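Keep the model in view while reading.

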Amino acid sequence: MAARGAPAVDGRCVLDVEDVRTRFHTADGVVHAVNGVGFRLHEGELLGVVGESGSGKSVTMLSMLGLLPTPPAEVVSGRARFDGVDIMRLGRDALRQVRGAGVGFVFQDPMTSLNPVLTVGYQIAEPLRAHLGFSKAEAWRRAAELLDLVGIPSPASRLREYPHQFSGGMRQRAMIALALACEPKVLVADEPTTALDVTVQAQILDLVRKLRRELGMAIVWITHDLGVVAGLADRVMVMYGGLVVERADVEALYLRPRHPYTRALLGTLPSVTGSGNGQEARKRLPSISGQPPSLTTAPAACPFAPRCGHAFARCWRENPPLLKVAGGHEAACWFDVEAGAPRRQRENGPA
Amino acid sequence: MNTEPIGESSRAAHGPEGGGNHARGRGDLAATPLLRVEGLTKHFPILRGILRRQVGAVKAVDGVDFHIQEGETLGLVGESGCGKSTAGRVILRLGEATAGRIWYRGEDITLLKGKPLRSLRRRMQMVFQDPQESLNPRMTVGSIVGEPLLEHGVAKGRALAERVGALLESVGLAPNYANRYPHEFSGGQRQRIGMARALALRPEFIICDEPIAALDVSIQAQVVNLLEDLRERLNLTYLFISHDLAMVRHIADRVAVMYLGKIVELAPVRDLYGNPRHPYTQALLSAAPGHDPRVEARRERILLQGDVPSPAAPPPGCRFNTRCPKAQALCSEQEPAWREVRGGHSVACHFAEG
């Protein structure tokens, strides 16, 4: 399919993640936050990771990058091949090199990830000096270029300012500049526009499209907002209960979702468009009853079964693996929503 | 004191009849609106120096006019800092208005004090955004929901417990949850607890301030459906404050769009979403992401430049002129008049086509 304004996806895998499992040991017991998540990210591709809070989408990425405090977290298993090495097996210093120069990341709230007592310029220039050996003057010149790249006016003077002097949108732009500083091959963006207003979000999304065209990096974009990803991603994976429940090209996922959770989620969303008489908007919203799973035990059954209209005996007995449902399209479900009947599937056939 | 607006100023002429067509047909269209605000203004002083002299003001709400008919839901949308929540709080008298008037059922409540204010509070309630922060963690759900009943001397003892149980049931919670504490509940359930409390005194009018913004997508629809059910069952009137344009389209009859302390456009849902006239409304709708990848990949978006200016120093003329793609010289010189472009559809823009 056509990549969104990005160089054609040539199929070379830049990040190959397998079987990430992470638990948290809390005062109330163990929480099984991530229960065997894997994905592959190809050169120049934007992979949308969609899920509600507690679905494990951020914890997966933080586990991969070694950014979780342990304890309470415990990364039980996982492999992440980046540039020929498993970054989940690296020591502290080697991992820091990867995080600085190989994999950049942007978090939801820029105010908590920028240091309030250091100037924005220092924070962007510092990794350039540490990872790429730039001199101070070179690093600051490059920092100004980066601010310019992300659309911050008069970058040279803004470099001397502190994060609190930036507006929310500007801070998020500065965070993106910081993540791009060492030209990473992979950018992990965790809800980068969630804290922003919709008109500012539109600016940032436009910037990301432009940066992809110009820099061609691969991006993992984590969000709870199905709308943001529809206009941005090449492929999308949907997470629920610490598992990947569906994975497909963006059009297939939105137009022919195969997992009941994805279908229900898309169904609950009202829209600002539609045949403008307002009447269809008047109807009761389809909703998903019940609550997300509590994850106090590792999943032995389908985590969505208690809220699923199609659940049958097998769903309560066996947790479905990701099954191939069409070319490049996988869903972790024993029920074939299109046929309206249980899927006839060999017992041990992950796609 | 006058209890009715003195004459109809041109700015106040929102055409209640035009908008009323879209109300669900309850209530008399020609009747006095349930709520009417005119020139509503709330400035927060900026104090400086050891003498705490006032050097300026944050003009959070700066001259807002609208009305709400009984049984109607008015959506109030805008981005963070536009003043929509402050407007809601001032209407509920949770803050003193700097200027302007508020009428409730034709009665001027702008300066109401003491007992009359207390009895008014029984009729107007608020549902807050963050059910985590608006529920006291040390109180049981029963005492949270029952507190207004005790406070207003409506019920106590056994009758109170029964009333609380019934209220919890009305929002879809089990009556025996009364003995538990807020932290035992999920976000959606906490929002239901907040709604049960708001309903305790059988109000007529509820201001919902971003009631679903903190909830997960799959829970948002549940809460909105509940709000709609309650509206039908209890004949409630809502002011629904939100930044979520899609949800407002779903729940509201008419929508007011706020920018930097002013309403820039107000229209029935169908007209606002189908034929937005103000460039800001157009940009907001254009920025809202849709859910069809084929459409999204090709869609031309109106991208606004820069950020919202500070409400302490709004730009002269039209407040939107610094970001407006259609701005011309006139826009920074003269504030656009509030004018009706079609029945019930009003806009404040020099260049909005009639």
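Helices (H or I, at least four residues) and strands (E, at least two) are DSSP runs, numbered from the N terminus.

Helix α2 spans residues 92-102 of chain A. Its buried residues are L95(A), V98(A), R99(A), G100(A) and G102(A). Buried means under 20% relative accessible area, exposed over 50%, and partly exposed in between (1.4 Å probe, protein chains only).

## Basis of the model

This is a predicted model, where local features need pLDDT of at least 70, side-chain atom pairs count only at pLDDT 80 or more, and totals for chains, interfaces and linings use all residues. Residues are numbered from 1 along each chain as its sequence is written, chains are lettered from A and ligands numbered from 1 in the order in which they are written, and side-chain values use heavy atoms, without hydrogens or water.

## Aromatic pairs

Over all chains, the structure holds 10 aromatic pairs. Rings of Phe, Tyr and Trp (its six-membered ring) pair if their centres lie within 6.5 Å; planes under 30 degrees apart count as stacked, over 60 as edge-to-face and the rest as tilted.

F105(A) and F107(A) form a tilted pair, because their ring centres are 5.2 Å apart and their planes are at 55 degrees. Y240(A) and F304(A) pair edge-to-face, because their planes are at 85 degrees, with centres 5.3 Å apart. Both Y240(A) and F304(A) are buried. Ring pairs link Y240(A), Y261(A) and F304(A) into a cluster.
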